[in-house]
Amino acid sequence: MNQPGTNLQQRGITTLVVYVAVVACSGLFLFPFLWMVLTAIKTARDIFSHSWFWPHRVYLGSFVNVLNTVPFGIYFRNTFVFVFGLLFCQMITVTFAAFAFARFKFRMKDLLFALLLVQLMIAPQTLIAPN
């Protein structure tokens with residue numbers, strides 16, 4: 001026979017094990033990000049020395065160097081023009097496609113609509129084959 005509190009204790013232990021596993025996996029996934037941030041605030045000497053984790057001195061000169069070297073304004077403008085141009089073209093195309101699917105009857109309408117939905121659901125980056 002089961003004791004009155006055995007099931008409750010078993011669930012508590014299971015919950016604890018799940019939480020420990022979630023925290024361990026979170027640490028595993030967050031460690032590279034933390035390493036990247038800590039490396040960004042180290043000097044070159046700290047990066048290549050034996051200071052393993054925390055920098056001896058916080059150095060923000062790397063950020064200043066990147067902001068002065070790389071033309072982020074031009075990159076931002078190019079991205080803005082590309083994204084909104086593509087958005088404009090897609091809105092026109094999708095509006096006509098929606099009208100055609102809603103109003104017209106034609107062969108393989110359901111198949112083409114399913115293919116359109118599949119194309120929207122799959123991220124374009126997954127379809128690019130590496131060289």
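Buried means under 20% relative accessible area, exposed means over 50%, and partly exposed lies in between, with a 1.4 Å probe and protein chains only. The structure is a predicted model, in which local features need pLDDT of at least 70, side-chain atom pairs count only at pLDDT 80 or more, and totals for chains, interfaces and linings use all residues. Residues are numbered from 1 along each chain as its sequence is written, and side-chain values use heavy atoms, with hydrogens and water left out.

**View 1. The aromatic cluster of F101, F106 and F113.**
F113 counts as partly exposed, at 38% relative accessibility. Rings of Phe, Tyr and Trp (its six-membered ring) pair if their centres lie within 6.5 Å; planes under 30 degrees apart count as stacked, over 60 as edge-to-face and the rest as tilted. Six aromatic pairs are found in a search of the whole structure. In one of them, the ring centres of F101 and F106 are 6.0 Å apart and the planes stand at 40 degrees, so the pair is tilted. F101 also pairs with F113, edge-to-face, at 5.2 Å centre to centre and 70 degrees between the planes. This pair ties together parts that are twelve residues apart in sequence, because F101 lies in helix α4 and F113 in helix α5. Helices (H or I, at least four residues) and strands (E, at least two) are DSSP runs, numbered from the N terminus. F101 counts as buried at 17% relative accessibility, while F106 is partly exposed at 36%.

**View 2. The largest pocket and its lining.**
On a 1 Å grid over the protein atoms alone, a cavity is a set of points where a 1.4 Å probe fits but cannot get out, and a pocket is an open set with protein on both sides within 12 Å along at least five of seven lines; lining residues have an atom within 4 Å of a point. The largest pocket holds about 180 Å³ of space. For this value, grid points are joined across faces, edges and corners, and a volume is the space filled by probe spheres set on the points. The lining consists of Q90, T93, V94, A97, A98, F101, F113, L116, Q119 and L120. Two or more residues of the lining come from each of α4 (72-103) and α5 (109-121). The most, six residues, come from α4. Sorted by class, the lining has seven nonpolar, three polar and no charged residues. Here Ala, Val, Leu, Ile, Met, Phe, Trp, Tyr, Cys and Pro count as nonpolar, Asp, Glu, Lys and Arg as charged, and the others, Gly among them, as polar.

**View 3. The loop between α4 and α5, with F104 and M108.**
F104 lies in this loop and is partly exposed, with a relative accessible area of 45%. Leaving aside neighbours within four places in sequence, F104 is in contact (heavy atoms within 4.5 Å) with F99 and K109. From F104 to S26 the C-alpha distance is 51 Å, and the two are 78 residues apart in sequence. M108 is found in the loop too. M108 is not a glycine, yet has a positive phi of about 60 degrees. At 57% relative accessibility, M108 counts as exposed.

**View 4. T43 in the loop between α1 and α2.**
T43 sits between α1 (6-40) and α2 (44-48). At 14% relative accessibility, T43 counts as buried. Residues up to four places away in sequence not being counted, T43 touches R57 and Y59.

**View 5. K42 over the face of W35.**
K42 is at 5.6 Å from the ring centre of W35. A charge sits over a ring if NZ of Lys or CZ of Arg is within 6 Å of the ring centre and within 35 degrees of the ring normal.

**View 6. T79 in helix α4 and A114 in helix α5.**
T79 is partly exposed, at 45% relative accessibility. A114 is partly exposed, with a relative accessible area of 36%. A114 and F80 are 31 Å apart, C-alpha to C-alpha, and 34 residues apart in sequence.
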